[in-house]
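Please read the following note beside the sequence and the three-dimensional structure. The points are numbered so that each may be checked in turn.

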Amino acid sequence: MSMDKSVRHQNQFLLCDPLFQPTVPEGFSHADISGDFDIYYSDALPFHHASDGDTELAIIGDVVVPNGPTIEQWLKETVTVGVTGVLRRAQALTGRYAIIRTTEDSTTVVPDAVANKSLYYHADSRLVTSSLKLLVDSVDVDLTENTAVTSFMNTPQFKGNESALIGDKTLFQEVRCVLPNHVLDADGMEVSRRPLFFPTVERPPAEYIADRITSAMESFNEDYHLLTPITAGRDTRMILACSRDIVRDVTWYTFSDWGNGEHPDVKIPKRIAAEQDFDYTIHHPRSLDDDFRAAFEEYLCWTRVLPKTRHVQFFSNNYDVNDVLYVSGNGPIYKVNYEMPERGTDLVDHFCTELQYPDSEFVRNEIEEWLPGAVEYAKEYDISPANLLYWEQRMGRWGALAPRETDFAIRGVSPLVNYDLLLTGLHVERSRVSPPEYDLIDSVIETEWPELLKYTYNPSENPYKATIGRVAPPRVKRALTTINAKLDDFL
């Protein structure tokens, strides 16, 4: 069943001063959680709320507490504590959501652990939203084009890097994005960094992570039919392992553009499903229809047209937003992604290169603005600045794009998006999250479904590239991309 295209801005919400009186689409509900703000949200989007005297606490989005109470109970227990207590208790949450806390004196908005549910705020007005397009279409407010952003978005680098924005800027000068590890004071429209609280883990990290992912998958499975992709990669293998007890409840699939079915991302999952005895489907999504393109462009302020955009069309044509939940592997900070440079290296230059924008003045300016506070924050919580770069800039902006686009058709979550899990993964021995073995992920799989370790991961079609990949040290990881491209020309 396809989604009801009459519901514009499906899966989005708007928080605003009552003076604005927005023109919201049909299919939206209204919640007046305080005298200072109104919430308008898509009926397809879960909304939970609790109050205690003048304090009100709401969560919008798909969220569970692994091995914990229901969200309704969590809210009742949490509404009585202060902002710091809310942040501490929210670290147990898994999902894609926004938390809104109001009192007589203040309103605070908090994104999920990697800001998978994007939050945008108007710096000069009391407006917060999950969708720039919803803001544009619903509220009469001054919006000025940010020419620095639009110029950057027209560069070949940006388009070649899957449209990965860096920093907190948006298409409009007055509107910014809340990055991970930040909270928004919705009265002053100012962001600040949130405190982190390291979980007390009294067992091996792999067992703790496995248990939390397993519980999250089982909790989401209780309320929805789960659609979960599986490839030859480690992230989806870990999610599969943590779904062992519900494996026959879940729809496992691979989107494939390879007609012969011999690509590893098809061949290996097909073998796993056959030998472990669960259902598995290969989908070959068709090219984009004109009607879909038009509706998709109406849904977003700007769109990417990538091969995976056909996946969104497939979801829209085949599933009902109210019945299913798409599960992704977003938020994988369980392996080294970016490296710190040698001493004496210009950190801004290095981070721009890591982000694949080595010559971009726009990105350089954004990193220069972000870096001082990030380095101080990273030092306070013993996190590598390179890991914080990946967490806040890569996952917080680029990582939120695919979920935002999928919202057009269905809602999505990742069982990996959980503060306690991320902080646990970031503080294991570096060797356990480094290539080529990525021992931490393999240990999670071994904890839940050890038989899955016998299947190959992402084998290179080129044996020479595979050999180089196994023996190269982490610091030359990015150089391998260039080497592999050259090898393709000669081998």
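1. A cavity is a set of points, on a 1 Å grid over the protein atoms alone, where a 1.4 Å probe fits but cannot get out, and its lining residues have an atom within 4 Å of a point. Grid points are joined across faces, edges and corners, and a volume is the space filled by probe spheres set on the points. The second largest cavity holds about 70 Å³ of space. Its lining consists of Q12, Y120, S130, S131, L132, K133, Y299, L300, C301 and R404.

2. The model is predicted: local features need pLDDT of at least 70, side-chain atom pairs count only at pLDDT 80 or more, and totals for chains, interfaces and linings use all residues. Residues are numbered from 1 along each chain as its sequence is written, and side-chain values use heavy atoms, with hydrogens and water left out.

3. Residue classes describe the lining further. Ala, Val, Leu, Ile, Met, Phe, Trp, Tyr, Cys and Pro count as nonpolar, Asp, Glu, Lys and Arg as charged, and the others, Gly among them, as polar. By these classes the second largest cavity is lined by five nonpolar, three polar and two charged residues.

4. The whole structure contains five cavities of 30 Å³ or more, and the largest cavity has a volume of about 130 Å³. Of the 15 residues that line the largest cavity, Y120, W302, R397, L401 and R404 lie nearest its centre. Helices and strands here are DSSP runs numbered from the N terminus, a helix being H or I with at least four residues and a strand being E with at least two. Both α4 (147–153) and α14 supply at least two residues of the lining of the largest cavity. That lining has nine nonpolar, four polar and two charged residues.

5. Helix α9 (residues 290–299) deserves attention. A residue is buried under 20% relative accessible area, exposed over 50% and partly exposed in between (1.4 Å probe, protein chains only). Which residues of α9 are buried? They are F292, F296 and Y299. Seen down the axis of α9, these buried residues fall within an arc of 55°, so they line one face of the helix; the arc is that of the directions from the helix axis to the C-beta atoms. An α-helix has 3.6 residues a turn, so residues three or four places apart point the same way. D290 and D291, on the other side of α9, are exposed. With contact meaning heavy atoms within 4.5 Å, the buried residues of α9 pack against α3 (132–138), α10 (309–318) and α14 (401–406).

6. Strand β1 (residues 13–16) has F13 and L15 pointing one way and L14 and C16 the other way, and all are buried. Two strands pair if DSSP finds at least two bridges between them. Strand β1 runs antiparallel to β3 (residues 38–42), and four bridges join the two; F13 stands opposite Y41 in β3. Strand β1 also pairs with β9 (residues 127–129), in the antiparallel sense and over three bridges, where L15 stands opposite V128.

7. An open sheet of five strands has parallel pairing and the order β15-β14-β13-β16-β17. Its edge strands, β15 (281–283) and β17 (412–413), each pair on one side only. Within this sheet, three bridges join the parallel strands β13 (residues 225–229) and β14 (residues 251–255), and P229 has Y253 of β14 as its bridge partner.

8. Most residues other than glycine have a negative phi, and most peptide bonds are trans. H9, which is not a glycine, has a positive phi of about 60°. H9 is found in the segment before β1 and is buried, with a relative accessible area of 2%. D277, likewise not a glycine, has a positive phi of about 65° and is found in the loop between α8 (264–276) and β15. A cis peptide bond, with omega of about 5°, joins P435 and P436; P436 is in the loop between α15 (419–426) and α16.

9. Two single residues complete the note. S443 lies in helix α16 (residues 439–448) and counts as buried because its relative accessibility is 13%. Q173 is in the loop between α5 (156–160) and β10 (175–177), and counts as partly exposed because its relative accessibility is 49%.

How values were computed:
On a 1 Å grid over the protein atoms alone, a cavity is a set of points where a 1.4 Å probe fits but cannot get out, and a pocket is an open set with protein on both sides within 12 Å along at least five of seven lines; lining residues have an atom within 4 Å of a point.
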